[in-house]
Each structure stands twice: as structure tokens, then as C-alpha cells.
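Okay, thanks for coming, everyone. Let me put it up.

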Amino acid sequence: IFYNSCVMSTETQKREYIKTMVNPILERLVVDLLINRPDDVLAFMKEWIDVKGPKYASIGSPHKSPGKKHREQEKHDESEEDEEEEEEDVHELEQQVKKAALRGTRSSVSAEAYGSFNKKTAYVPKVVKKDESQIQRIQKRLGQAFMFQALDEKEQRIVLDAMEEVHFKKGEHVIQQGEPGEVLYVLDSGALDCFKRFKKDEEPKYLKTYQPGESFGELALLYNAPRAATITAKEDSVMFSLDRECFNGIVKEAAIKKREKYEDFLGRIDLLSEMDSYERSKIADALKSVKVKAGDYVVKEGESGDTFYFIEEGQAVATKTLHEGGHPEVVFEYKAGDYFGELALLKDVPRQANVLAKTDLSLVYMDRYSFKRLLGPLEDLLKRNFNKYEKFASL
């Protein structure tokens, strides 16, 4: 019995070691391999381990998150039905990534990040003729779809030139689950319903309705995987499509740079420690940055709240009027890695406190639209951890 107990304990330790120490590194390595598809895989992996490996080794450290056991218990207490659906989604994405890795039919790289062995071929932009009305509509939608928010002015112009206007009648399929994908879309007018078949013998499940300004279809291009869902025109709809070549040559490169800029920062935030690299990369896509001078307000008590903030650098304080007619008092202090503004988004209430910059601040933020657009991972995690900051709910 003692021997069996020791064996079981050893096996448990091995599984925990793989989960906490090995998987964070391997997950990101596989994602970067699929994004870049280098010809010399071994050289890529060697340089990746030397340059980026230490970041993910520290993220996987068992000392990284003292609240991990508590969060794991909270996750266990979630309803079994929700948990099974989440596991099916993750499993399906993992299977698609594995299939994409086995196919290996396309090659695109990030030479800036990984060196001369991994050079990309020159992209020649195409130009689709448009009238002034189309140009203005595309410019408006590019500003709304966070997939394009990492682009500079020149890159936005290239994307604008390459986009084509397409029309779908009510009931027509825009994309179908399981089919290959060659373009992504930005919805300009109309509405689209998204359905997903989780098991072969089940009916497709309704997921959401896309509204003007939202983009979709990028996963098939990014991972060279089949379409993950079916999207059907709920009404007559107009979209702008972007081809794979422009996406790989312009949008993906800008998105990779933005992700790499924020991935190390996001990995150090305790709130996000339970998320995998893919989930954090989606958050990075949606982030915008802003600078605030010392003494200036970031948010004011009583105002409507539509923004969620992370502090990248600097310090801030929360102040609140605790007694009618009194002066605001300091009730909380924030440092780099802290976040605020989530209660207004989760509860749909006005700001419950002021937040002022104690020093010059570098903030990254996402608006309510992007917060909801992420389809749940961050919002669900905030709700799971709600009791962690319940005592500040009155702020």
C-alpha cells in the first residue's frame, strides 16, 4: 500500500509538473510555429527557446500565483454543463491547430523576431477600385474592428485598397464550418447569425449575432485551419472582404508585433494567470494604450463606465466621497499590473470612485465593445474571481 501510494504521488507530481512548468512553454512555442511556419523548424525552435523561452518558463513557475488553488476550487464549483462546453471549445481548437501543423501547406514568417533564417517573401499590395462612399465606409469599419487597430496609417491604407465589397442575401451562408477559408470579413451593414456544431450528431448551436463593425474569419487564415463555425445572413448584408495575402503580409505582422509587445506584460498579471497563451493573445489584440499625467483623472465618480484599464507603468489612487458633503478620501492604491473599471462593465453601473494618476501613467485599456467581443474568457474569469475583490465592490 505504501509503495502504491508513493507511485500515485509521483505520478500526480509529474502531471502537475507538466501542467504548470512544461505546458505554458510548449503551448506558446506551437502557436508561434504555426503563425510563422519556418522552413528550418529546428533552428527556429532553438532560437525561440534562447530568446523567448525564459519568459514562459517564469510564467509557468509554481510560485507565480499564490491564489491558484483558490481559483481552481472556484472553477470546480462552476456548473458541469458550462465546464463541458468550454472544454469542447478548447479541445476543438487544439485539434484544428494540430491538423494545421500536420498539413504545413503555407509558409509565412516574422523575420524581425526570429532572424535571417526565417525571411518572408515580399508582399505586393493589390488595389481594388472604390468610390468615395466605399472608402469612407471602410475607414469607419477599420476603426471599429480591433483586428485592425494595430495598423499604422500606411498599413491601413494598404488594407483599405485591398478590400472588396461583397453582398449576401438573407439566408445565404457567408462561411461554413469545416470548409477552408481564404478571406476574412468586416460587416458593414445588416446582421449575421453564427452557429457551431459541437458534435457530429447534434444540431448546430446558435452562438451570437454579428453587428456592423465586427470582423470574423481570421482564425482560418492565422492558423490555416478550417472554418470553426457557420455564419449565415440574418438579413440582406454588406461586407468588406480581405484576402489571405494581404492579411498575412500586413495585418498578421502588425498583430504579431502588438501581441509580442503585450504578451510579457499580460503574463505577469495575476488576474490572467489561469488563461493560456491563445486567450491572452486575443486580449492583446483588443488593447489600446494611453498616457495620463500625474494628478489627472482617469475616471470620475458618477460617470458612466465603458472602459476597463490595466496599469502598465506608474501608480494611481482611487478616491471616494464617503460622507455626504465631505471631500474624497483615498480608498485604494494601484500599481503596475493592477486593473480597474471592471465593475462598471460587469454590473452596468456608473463609476463608484475616482481614479487619479499618482505618477505619470502608462495604461492599456479595452472598451465595452471589445470586452464583449472577446466572447467571454476575460469576463468569465472576472466573475469567477469576484469574491476576490468583493470588499471593493462599494468603490
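So, where is glutamate 155 found? Glutamate 155 is found in helix α8, with helices (H or I, at least four residues) and strands (E, at least two) being DSSP runs numbered from the N terminus. Before I go on, a word on the ground rules. This is a predicted model, where local features need pLDDT of at least 70 and side-chain atom pairs count only at pLDDT 80 or more, while totals for chains, interfaces and linings use all residues. Residues are numbered from 1 along each chain as its sequence is written, and side-chain values use heavy atoms, with hydrogens and water left out.

Back to our glutamate. What is glutamate 155 in contact with, leaving aside its neighbours within four places in sequence? Those partners are Ala150, Ile250 and Ala254, where contact means heavy atoms within 4.5 Å. Glutamate 155 and isoleucine 250 are 95 residues apart along the chain, yet their C-alpha atoms are separated by 6.6 Å.

Now the helix around that residue. In α8, the buried residues are Glu155, Ile158, Val159, Leu160, Asp161 and Ala162; buried means under 20% relative accessible area, exposed over 50%, and partly exposed in between, with a 1.4 Å probe and protein chains only. What covers them includes α7, β1 (164-168), β8 (237-243) and α10 (244-267).

Let's take the two helix partners in turn. The axes of α8 and α10 come within 10 Å and cross at roughly 150°. Axes here are lines fitted to C-alpha atoms, for helices over the stretch in contact, and angles run from 0 to 180 degrees between N-to-C directions. The crossing of α8 past α10 is left-handed, meaning the near helix is turned anticlockwise from the far one by less than a right angle, with clockwise being right-handed. On the α8 side you have Glu155, Ile158, Val159 and Ala162, and they meet Cys246, Ile250, Val251 and Ala254 in α10. That contact divides into seven nonpolar residues, no polar ones and one charged. For the classes, Ala, Val, Leu, Ile, Met, Phe, Trp, Tyr, Cys and Pro count as nonpolar, Asp, Glu, Lys and Arg as charged, and the others, Gly among them, as polar.

Then there's α7. Helix α7 (residues 132-144) and helix α8 (residues 153-162) have axes that come within 10 Å and cross at roughly 125°. So α7 and α8 are oblique to each other: under 35 degrees would be roughly parallel, over 145 roughly antiparallel, 65 to 115 roughly perpendicular, and the rest is oblique. The crossing of α7 past α8 is right-handed. Ile135, Ile138, Gln139 and Leu142 of α7 make this contact with Gln156, Arg157, Val159 and Leu160 of α8. By class, that's five nonpolar, two polar and one charged.

On to a strand. Leucine 184 sits in β3 (residues 183-189), and leucine 184 is buried, at a relative accessible area of 1%. Beyond four places in sequence, the contacts of leucine 184 include Phe148, Phe216, Leu221, Phe240 and Phe247.

What about cysteines? Cysteine 246 is buried at 0% relative accessible area, and cysteine 194 counts as buried too, at 5%. The structure holds zero disulfides, a disulfide being a pair of cysteine sulfur atoms within 2.5 Å.

Last, the whole chain. The protein chain comes to 14 helices and 16 strands, and 44% of its 395 residues are buried.
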